[in-house]
Structure formats: structure tokens, C-alpha cells
Amino acid sequence: MATVLDQITTESSAADVYRSARPVVSFAEAEVLAQQFGSPLLVASRSVLLRNYEAMRAALPNVELFYAAKANPADAILRPLCEAGSSVDVCSWGEMQAALQAGFSPDNMIHTHPCKTVQNLTNCYNAGLRWFVFDNENEIPKLAQYAPDAKLILRLAVSSSSSLINLSAKFGAFEADAVPLMLAAQAAGLSVKGMSFHVGSQCRSPEDFHHALCQARRIWDKAVRAGIELEMLDVGGGFPAPYMDSVLTLDVYCRSLQRALDETFGDIPVRVIAEPGRGLVAETMTLITRVLGKSTRAGTRWYIIDDGLYGSFSGQVFDHVEYPILARAAQEREQFSCVVAGPTCDSSDVVNRDQKLPDLEIGELLLVPTMGAYTCASASPFNGLDLARIIGVE
Ligand SMILES: *Cc1c(COP(=O)(O)O)cnc(C)c1O
């Protein structure tokens, strides 16, 4: 399976195979935007978003893309994706409402939360959504009562070795339980149409998809033999984004996934969908943040900036990633080790304890690329501070 990758890596230069974190605005553009809109400011680039979307579509020609709204439900992300023809994956009535407002129709939505409250389920069902996910028997009577004509997808637990975040640690039926669960749903009058998995978020190696697909195919065949008429395979998300380290380009990564799909499911008719979150949108947003204070504590320089762990950097807490922090003309200025801290009164609100930066002025802007996934989505207004404003640019 690694052959596509091997072939590409021997034939091409590193620049064609890997992508690294890059801001969507220059420092000069950031100054203008910060003057106009204030800071902290999250700038969403429509062209970077569409470039990523088209790269995935081209490399996965037979896979329908359902953007995972959980990663970033901002209108500046949802609306351009809707206009480009994407479908959307939602987990709650709140996400569904954001998607409806951005122009998505319920026909182009899938609901992927395996354990729903009745309220979550009925609100989404009554608004017209029909594809729902389950992974345990207690979800079955709920679905049978409140969503009788739903089309169900069974979420499987899969193992993954290269993912930063293991999403099978909480959800997904184990292999031995999969067919009995599908049969139990059918016995309750429900219609089971597909299977899904998630290889884990920030999955650096497409090889993990290959393993998951082999496992899914084994279960698929067992289910079909047991009389379940499966038609859809949902390969979830997991596509990686560049942070401190570069990752494979979407083109190379997705071509490798397509090859694995051809190998494992190429011989049967199946509708394949994917739910990219991070890989699609992380690179599309850059944070503009300002130095609001500095001090020297026990010989170390501290900078207090106007966004932190409670805000756009919340991904460092919940999503376990670290973001590159860029200063203007950093290469031409002497760099020092310093502490970069957020604006709240909490002493744990420290973004980086060993950051290399030049001697910064108060008021100076910093750029933080790859801030489009699991950042503003998990930010809180703790301490009475405003969340970073989001603006879309071309
Ligand atoms: C979070 C999630 C996604 C998106 O995952 P990424 O790693 O951001 O691509 C897709 N599907 C489901 C079911 C999820 O929970």
C-alpha cells in the first residue's frame, strides 16, 4: 500500500510531498486588518480553504466530502464550503443550525454523534436530517422511537498508530459486537445502511487508513452475509495539518487513501464519504495577536499577549497541538528565549515557556498560522475577555 507514497517520494522534491505551516496574511496586511478590526483577530482565507477542498476532491474523485463542522463552525468556513458543493457532518442541533444558516440543506448532512440526547436527535430529525450514527445498543430504542425512518451507520472502533488523538478510545463498536448491533437495529425496525470509523485526529500516516479499511471490509462482508444491505462506507476524518512539523500534502495523502480504498473496497459498489475537519480547515485561519505587556521575571523575559489558552490557543489544552508563533522580520533580529503568556489572570494561561522571539515592543503584532481547527471552536470568554473576532478575506 505504501507504494504510491514510495513512488511519489522518490520522484518528487520534498516541497511537492510535504506542506508546512504558513500564515494567510503578511505582517503588512495584518497591521491594516488589526487597525480596522482590532485584535485578537482570526483571519479566514477563502482561497486557502477552496484550494484545500479542491485538492481533496481531485485526489479522492469518488469520495463525497462531509466537512466536520465540529472543527470550526464559523460562517466564514461553512459558507464557502457550502458554495463549493461540500456536504457537512454535524454532531448537535447547534452545529446543524450553523450549517443551515450557512446554506446547507438537511439532505447534505450527516449526524455523527454516536450517543445523542433525545432533544439533539429530535431537533435534527424534525429539521429534516436522516443519516444518523450509532455504536451501542442503548441508542437503538431511542432511534426507533424518535427517528423511525432514519438511515443508520454503525461506527466501528479501529486502531491507529500515527494519530495524535485516538477517537476510538471513547466511541465505536468492537468487531465482535458489530454485526449483532446491526441485527438488533434491524430487529427494532430500523434500517442499517452503512459503517463508519475514525482513524483518530491528526493521523500522520495514510497507512493507518489502510489498516482500518481492511478491518472495515472484514466486518462489511460478515454483515452482508448476515443479510444487512450495506451501501455506505464513511471513512471519517483524521487528515493531518502542519503545525510545528510539516505533514504530507493533501494531494499525496489523499491519493494514498484512494489507493487503499481501491484495494479494499474497489470490487464492490459502495458509496464512500469522508468527514475531514482539521486537514481541510486548520491552514485556512491565521491568528493576529498583539503584545500587551512585558516583564522580566527571575531573569526571563515574559510577554503577555491578547489571546491565550482560554481563547484561540485552547487547542493546546484540548487538542494537544502547539502552534508556531511568528514575529515580524524575526530572522533579521536577535532572538531570545522567552515566555509567552495569555491575557487572563490564571497563571496556568501560558502559551509557551521556551519560545524564541526577538525583543518585542508593546503593541507589536505576532502571527500564528494553522489556527483554523479546534481553536475558536473551543474558546471561552473566561475573565470577561472577548473571543478573537473572525473575519473572512479572499
Ligand atoms: C471530529 C470528527 C471528525 C473530524 O476529524 P478531523 O480529525 O478533524 O478530520 C470527523 N468525524 C467524526 C465522527 C468526528 O468526531
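**Salt bridges, strands and a ligand site**

Being 3 residues apart in helix α8, K142 and E139 are separated by about one helical turn. In this predicted model, the two residues form a salt bridge whose closest N and O atoms are 2.9 Å apart.

Strand β6 (residues 131-134) and strand β7 run parallel and are joined by 4 bridges, with F132 standing opposite L152 in β7.

Strand β7 spans residues 151-155 and is mostly covered, since 4 of its 5 residues are buried. Strand β7 also pairs with strand β9 (residues 191-196), again in the parallel sense, over 5 bridges. In this pairing R155 stands opposite S196 of β9. In a regular strand the side chains alternate between the two faces of the sheet.

The side chains of K193 and E231 meet at 3.6 Å, N to O. Because K193 lies in strand β9 and E231 in the loop between α10 (207-225) and β11 (232-234), the pair ties together parts that are 38 residues apart in sequence. E231 counts as partly exposed, at 35% relative accessibility.

Another such pair is formed by E364 and R328, whose side chains meet in a salt bridge of 3.9 Å, N to O. E364 lies in the loop between β18 (350-358) and β19 (365-368), and R328 in the loop between β16 (326-327) and β17 (335-341), so this pair ties together parts that are 36 residues apart in sequence. E364 is buried, with a relative accessible area of 8%, while R328 counts as partly exposed at 40%. Salt bridges with shared partners also join R46, E83 and E394 into one network. The structure holds 22 salt bridges.

The ligand remains to be described. Of the 14 residues around the ligand, K70, S201, E275, R278 and Y374 come nearest. A polar side-chain atom of Y374 lies 2.5 Å from an oxygen atom of the ligand, and one of K70 lies 2.7 Å from a ligand oxygen atom. G238 contributes a backbone N or O atom, 2.9 Å from an oxygen atom of the ligand. Taken alone, the ligand exposes 390 Å², of which the protein buries 94%.

Methods. Residues are numbered from 1 along each chain as its sequence is written. This is a predicted model: local features need pLDDT of at least 70, side-chain atom pairs count only at pLDDT 80 or more; totals for chains, interfaces and linings use all residues. Side-chain values use heavy atoms; hydrogens and water are left out. Buried means under 20% relative accessible area, exposed over 50%, partly exposed in between (1.4 Å probe, protein chains only). Helices (H or I, at least four residues) and strands (E, at least two) are DSSP runs, numbered from the N terminus. Two strands pair if DSSP finds at least two bridges between them. A residue is near a molecule or strand if one of its heavy atoms lies within 4 Å of it. A polar contact is a pair of N or O atoms within 3.5 Å; within protein, one must be able to donate a hydrogen and the other to accept it, and residues adjacent in sequence count only if both atoms are side-chain atoms. Accessible areas come from the Shrake-Rupley method with a 1.4 Å probe; for residues, only the protein chains shown count as cover. A salt bridge is a side-chain nitrogen of Lys or Arg within 4 Å of a carboxyl oxygen of Asp or Glu.
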